Amino acid sequence: MATDQYVHPDYYNMDEMLTEEHKLIRESARNWIKKEVSPIIEDYYERAEFPNQVIKGLGEIGAFGPYIPAEYGGPELDQISYGLIMQELERCDSGLRSTASVQSSLVMYPIWRYGSEEQKQKWLPKMATGEAIGCFGLTEPDHGSNPGGMITNFKDMGDHYLLNGAKMWISNAPIADVAVVWAKNEEGRIWGLLVEKGMEGFSAPEMHGKHSLRASITGELIFDNVKVPKENLMPGRSGLGAPLSCLDSARFGIAWGALGAAMDCYDSALRYSLERTQFDVPIASFQLTQKKLAEMITEITKAQLLTLRLGQMRNEGKATSAQISMAKRNNVEIALKIAREARQIHGAMGITNEYSIMRHMANLESVVTYEGTHDIHLLITGMDITGIPAFKREL
Ligand code: TGC
Ligand code: FAD
């Protein structure tokens, strides 16, 4: 892959709205990525492996649980800092951001919000440094967009719970030390259980054959009469709202992250169009190229405004789930469109691993589906503005 020359676009001087601390956090993430991850990411992507050696560095730049309080080993940063870190990570690769999203929003967040004090002390400090890795099991083979229909279940056996069922498409599953598993009790109520690596009857086989998000490891979670100690149930919240509230946090990070991928594609396309000549002039001088670039920077600028405002509202605890859905959906959609246009500007070179474009494009096909599909987020907006849920129909 060519040297990482990324310069982030800031057409509306959005940096003026960031604090010095925000800029410092972003700078340190960017410098670390350029030095440690950009030179190796294409290779790992092609081999469909996650570069485990970057885990420690992710902890050091504050990518694991950025907003977790210092008493639990977290960096205690604000939501905009969280967003900026996710943006830098996904600017490099969606799989890198995925690993940090899952660890932060889907594992550390529920343990912090709904876990017992013992669970917090046991897991959060180790997860903040990357010494322990977690995964989040909500999706099942027959329940993706409709997690409320899950069949994974646990029974109260007196001195322990007995867990049965299976989860699918679980990021980080094969390398995780702990899985946050959402399952129904005998009354059909959903609770989160902490299932630990090595528990008898628990396995997490890797899933192969992905054409997307290849630098992130994905697996199944299989529970065959797993005896889960009672102290591993997260006591703070039950019901579908518990896992969905974690998704709010992850979707917020994805809105920032996908924009990072879009910015990388634009930056690369702008540079390439100024350097590449055809018909004796830079291709940037053709009106059709300028149309593509102008439309990209317009969409990026709109998404930057949307994202920063969302960050401000989330800092104030005022962002609604539906507002987060809108940003996730919009930013992934514009990122996919920008990746496709950027690929065209790079001509044939755009399909090679010399540039990050094609990798971003393929990655974004996962991002547009996970954490709620494009259409599910549209329906969430529809429900929010009309008051009528359109997810379920009688046939
Ligand atoms: P519904 O009846 O609407 O809601 C059930 C209960 O949940 C509450 N709720 C929320 N609470 C907090 N945050 C949210 N975002 C919430 N959305 C809903 C709701 O108020 C209700 O509470 P209560 O007290 O009345 O019971 O539920 P539904 O079954 O109709 O489903 C609604 C729907 C379709 C929007 C929801 O199921 C959904 O979002 N589906 C998409 C599933 C999804 O996003 N899965 C993601 C899996 S994790 C993942 O993909 C990780 S990828 C990680 C990576 O690598 O980066
Ligand atoms: P389905 O729900 O079967 O949807 C198929 C199609 O039907 C979609 O186009 C969808 O929009 C449409 N559809 C479904 N319902 C409706 C409706 N009511 N109205 C209109 N259209 C509808 N899950 C986890 O729990 N943890 C993870 O860590 C995780 N990591 C993932 C990593 C990757 C790489 C991928 C690809 C997925 C991951 N997922 C994870 C799963 C992901 O959240 C699901 O794939 C996603 O929620 C969609 O579920 P599904 O794939 O079963 O699609």
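Predicted model: local features only at pLDDT ≥ 70, side-chain atom pairs only at ≥ 80, totals over all residues.
Residues are numbered from 1 along each chain as its sequence is written, chains are lettered from A and ligands numbered from 1 in the order in which they are written, and side-chain values use heavy atoms, with hydrogens and water left out.

Helices are DSSP runs of H or I with at least four residues, strands are runs of E with at least two, and both are numbered from the N terminus. Helix 5 spans residues 117-129, and its 13 residues reach 19 Å from the first C-alpha to the last, close to the 18 Å expected, where the expected span is 1.5 Å times one less than the number of residues. At Trp123 the helix bends by about 30°, with Pro125 following within four residues; the bend is the angle between axes fitted to the seven residues ending at a residue and the seven starting there. After helix 5 comes Gly130, with a positive phi near 90°.

His360 belongs to helix 9 (residues 357-367) and is buried, with a relative accessible area of 0%. Beyond its neighbours within four places in sequence, His360 has contacts (heavy atoms within 4.5 Å) with Glu90, Arg91, Cys92, Asp93, Ala261, Asp264 and Cys265.

Around ligand 1 there are 24 residues (each with a heavy atom within 4 Å), of which Ser98, Ser171, Asp248, Arg251 and Gly372 come nearest. Around ligand 2 there are 18, and Thr139, Ser145, Trp169, Thr373 and Phe391 come nearest. The table gives polar contacts, which are pairs of N or O atoms within 3.5 Å.

| Protein atom | Ligand atom | Distance |
|---|---|---|
| Arg97, polar side-chain atom | ligand 1, oxygen | 3.2 Å |
| Ser145, backbone N or O | ligand 1, nitrogen | 2.9 Å |
| Ser321, side-chain N or O | ligand 1, nitrogen | 3.1 Å |
| Leu138, backbone N or O | ligand 2, oxygen | 3.0 Å |
| Thr139, side-chain N or O | ligand 2, nitrogen | 2.7 Å |
| Phe391, backbone N or O | ligand 2, nitrogen | 2.9 Å |

Methods: Buried < 20%, exposed > 50% of the residue type's maximum accessible area, 1.4 Å probe, protein only. Polar contact = N/O pair within 3.5 Å; in protein donor to acceptor, adjacent residues only side chain to side chain.
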